[in-house]
Amino acid sequence: MADDNTNNDAAAAAGPEGTAPAFGIVGQYVRDLSFENPNAPASLVPGQVNPGSNVNINVQVKKQGDDVYAVEIGLNVKTEREGTVLYAVELVYGGLFRTRNIPENQLGALLMVEAPRLIFPFARQVLASTIQAGGFPPLLLEPVDFLALYRRNLAAAADKNKTEGTADATEVKPTVN
């Protein structure tokens with residue numbers, strides 16, 4: 001006969017209930033969405049030169065409660081052809097995340113890298129659908145390396161602190177812009 005204590009041993013090895021690190025999404029939302037097509041309907045007429053898009057991405061984290069954080073991705077797109085704006089889109093897409101028992105030294109990277117990575121595909125879909133509804137082919141953004149963005153902003157914040165002499169580089173808690 002099998003030993004019934006196997007499950008109890010595994011639970012004891014994991015520690016008391018509720019002390020294991022946990023990270024999960026509570027919900028997603030569009031906080032702000034703006035689409036401008038300033039030269040419609042003339043902007044919909046194909047031109048001889050392909051349009052070019054300028055895309056800016058930023059990430060912000062706002063603490064909502066003890067273990068709840070709002071992580072928002074800001075996407076700004078401006079598409080022009082021959083110096084004329086075809087369309088401009090501003091989107092702030094967010095996710096509400098709950099954390100539990102995450103070490104403080106890991107929380108920044110989790111919220112600035114992993115959280116935006118999880119919600120980015122949904123933000124990209126909202127952006128593409130909005131542009132398509134405006135009469136243009138959807139803009140399909142490539143995946144974003146949020147880790148590289150986080151590291152770049154950590155380095156920039158550390159450099160800024162060194163020049164100002166305000167903090168040690170290990171104490172930097174950046175927001176990605």
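Predicted model: local features only at pLDDT ≥ 70, side-chain atom pairs only at ≥ 80, totals over all residues.
**Entry 1: a starting pair**

I began with Lys62, which stands opposite Ala70 in strand 3.

**Entry 2: the elements**

I listed three helices and four strands in the chain. Helices (H or I, at least four residues) and strands (E, at least two) are DSSP runs, numbered from the N terminus. Read from the N terminus, the elements run α-β-β-β-β-α-α.

I looked up the strand order and found an open sheet of four strands, 1-4-3-2, with antiparallel pairing. Strand 1 (22-36) and strand 2 (52-63) are at the edges; each has a single partner strand, so one side of each is left without a neighbour in the sheet. From one strand to the next the twist averages 15°. For such angles, axes are lines fitted to C-alpha atoms, for helices over the stretch in contact, and the angles run from 0 to 180 degrees between N-to-C directions.

I counted two strands as paired if DSSP finds at least two bridges between them. Strand 2 and strand 3 run antiparallel and are joined by twelve bridges; they form a hairpin with four residues between them. Strand 3 (residues 68-81) and strand 4 (residues 84-100) are also antiparallel, with 14 bridges. In this second pairing, Thr79 stands opposite Tyr87 in strand 4. As background, strands of a sheet pair through backbone hydrogen bonds, either parallel or antiparallel.

**Entry 3: cover and contacts**

Is strand 3 mostly covered or mostly open? I found it mostly covered, with eleven of its 14 residues buried. Buried means under 20% relative accessible area, exposed over 50%, and partly exposed in between (1.4 Å probe, protein chains only). Over the chain of 177 residues, buried residues make up 30%.

I next examined helix 2 (residues 104-133), which lies across strand 1, strand 2, strand 3 and strand 4 and runs at about 140° to strand 4. Contact here means heavy atoms within 4.5 Å. Among contacts in the chain between residues at least 6 apart in sequence, 69% join residues at least 24 apart.

Within helix 2 I picked out Gln125. Gln125 is partly exposed, at a relative accessible area of 48%. Its C-alpha is 9.1 Å from that of Pro138, 13 residues apart in sequence.

**Entry 4: backbone exceptions**

Most residues other than glycine have a negative phi, and most peptide bonds are trans.

Glu82 lies in the loop between strand 3 and strand 4, in a hairpin with two residues between the strands. Glu82 counts as exposed at 63% relative accessibility. Asn101 lies in the loop between strand 4 and helix 2 and counts as partly exposed at 39%.

I also recorded a cis peptide bond from Ala40 to Pro41, with omega near 0°. Pro41 belongs to the loop between strand 1 and strand 2.

**Entry 5: the second largest pocket**

I looked up the second largest pocket and read a volume of about 250 Å³. A pocket, on a 1 Å grid over the protein atoms alone, is an open set of points where a 1.4 Å probe fits, with protein on both sides within 12 Å along at least five of seven lines; lining residues have an atom within 4 Å of a point. Grid points are joined across faces, edges and corners, and the volume is the space filled by probe spheres set on the points.

Of the 18 lining residues, the closest to the centre are Pro51, Leu86, Tyr87, Phe136 and Pro137. Strand 3 and strand 4 are the elements that give two or more residues to this lining. By class, I noted eleven nonpolar, six polar and one charged residues in the lining. Here Ala, Val, Leu, Ile, Met, Phe, Trp, Tyr, Cys and Pro count as nonpolar, Asp, Glu, Lys and Arg as charged, and the others, Gly among them, as polar.

Methods
Residues numbered from 1 in each chain as written. Heavy atoms only, no water.
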